[in-house]
Structure formats: structure tokens, C-alpha cells
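Trainee: Hi! Could you walk me through this one? I'm new to it.
Mentor: Happy to. Let's open it up together.

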Amino acid sequence: MKFRVFGAQAPLAGLLFLSLLSPSWLLAQNLSGGVRGQISDPSGLAVPSAKVAAISSTGQSTLGVVHSDGSYEIQGLVPGTYTVKARARGFSMFEQPSVQITAGKTGKVDISLKIKQEVEKVEVTDESTKVSVNPSENATALVIKGEDL
């Protein structure tokens, strides 16, 4: 007695089964994550000139791409906790700590930059100078008295 469980499709089924066990299937999984969002000023206008980065808990920085409409994205982040930082000329530094990145997902962090206020301190001091009219204390004066006239 011969038993044919798979019939003529047996070689094809075997190949399919072996391909599921192949390490290439594991490599196809997305083991990184990312973050995206919008960068704007206090009035809600886009700030495309901004620079944005995600800093890992180990201090590794990954720069993002900022588009002309003010949207940004940072991809290829290893899962973990990050601080998202952004800056642009004329604006204060933005910092969002504790951003969780998970494998295969893209989180969202919108960034609102605040206008940087320059503080300049000017200190003026004055020392009062006493001017003496006493001829003996005035080295540049020549006093002519009675007979010398």
C-alpha cells in the first residue's frame, strides 16, 4: 500500500514550508520605528528651515528630514526612549523627552517653536568727578595777582 498525502503538490508544499523557516523571512520584518509630525511657529505657520533630531538614551543622534510644508520624519530608530529636539534661527530650542519608539511603527510628535527673546543687559555706572576752583589744586591754571598784572 502506498499513501499519497499531498499528491502531486508535495514538492511545492515542501518548498513553501521550508521558505517559512528561512532566515530571509525574519530579515524582511521591520525592526526599527520612527517619528513624524509638523513643525510650526506660534501662529501655526510651517517652519521648513528647522532642524530636527531624535536623541537616544545612549546619546546617539539621528537627524530627521524636514519638508517644505514643515512636516518632518525621522526613520530607522531602534526601539526605545528618545528625546526629540528641534531648532530654527530666531526660535527657542524645542525638546520633547520620553518619546517611545516601537518596532514597525511611526509615532507622532508635533512641534511648536517659540520665538526666542533676546535679553541684553546694559549697565551704566557714573563716577562723579569733583572740579575744584581752588588755584592750588588746579595744576593747569596760572593765577596772576595784583602786581603781575
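**Around Ser71**

Mentor: The side chain of Ser71 makes a polar contact with the side chain of Asp69, at 2.7 Å. Keep in mind that this is a predicted model.

Trainee: Okay, and where does Ser71 lie?
Mentor: Ser71 is in strand β5, which covers residues 71-77.

Trainee: Is Ser71 buried or exposed?
Mentor: Buried: its relative accessible area is 17%, and the cut-off for buried is under 20%.

Trainee: What is Ser71 in contact with, leaving aside neighbours within four places in sequence?
Mentor: Gly37, Gln38, Val65 and Val66. Gln38 stands opposite Ser71.

Trainee: How many bridges join β1 to β5?
Mentor: Five, and the two strands run antiparallel; β1 spans residues 33-40. Strand β4, residues 65-66, also runs antiparallel to β5, with two bridges joining them. There, Val66 stands opposite Tyr72.

Trainee: What's between β4 and β5 in that hairpin?
Mentor: Four residues, and Gly70 takes a positive phi near 90°.

Trainee: New topic: which residues touch the most other members in the largest nonpolar core?
Mentor: Val35, Ile39, Val52, Tyr72, Ile111 and Leu113, out of 20 residues in that core. Elements giving two or more residues to this core are β1, β2 (51-56), β5, β6 (80-87) and β7 (94-101).

Definitions and conventions
Residues are numbered from 1 along each chain as its sequence is written. This is a predicted model: local features need pLDDT of at least 70, side-chain atom pairs count only at pLDDT 80 or more; totals for chains, interfaces and linings use all residues. Side-chain values use heavy atoms; hydrogens and water are left out. Buried means under 20% relative accessible area, exposed over 50%, partly exposed in between (1.4 Å probe, protein chains only). A polar contact is a pair of N or O atoms within 3.5 Å; within protein, one must be able to donate a hydrogen and the other to accept it, and residues adjacent in sequence count only if both atoms are side-chain atoms. Contact means heavy atoms within 4.5 Å. Two strands pair if DSSP finds at least two bridges between them. A nonpolar core is a set of buried Ala, Val, Leu, Ile, Met, Phe, Trp, Tyr and Cys residues joined through side-chain atoms within 4.5 Å.
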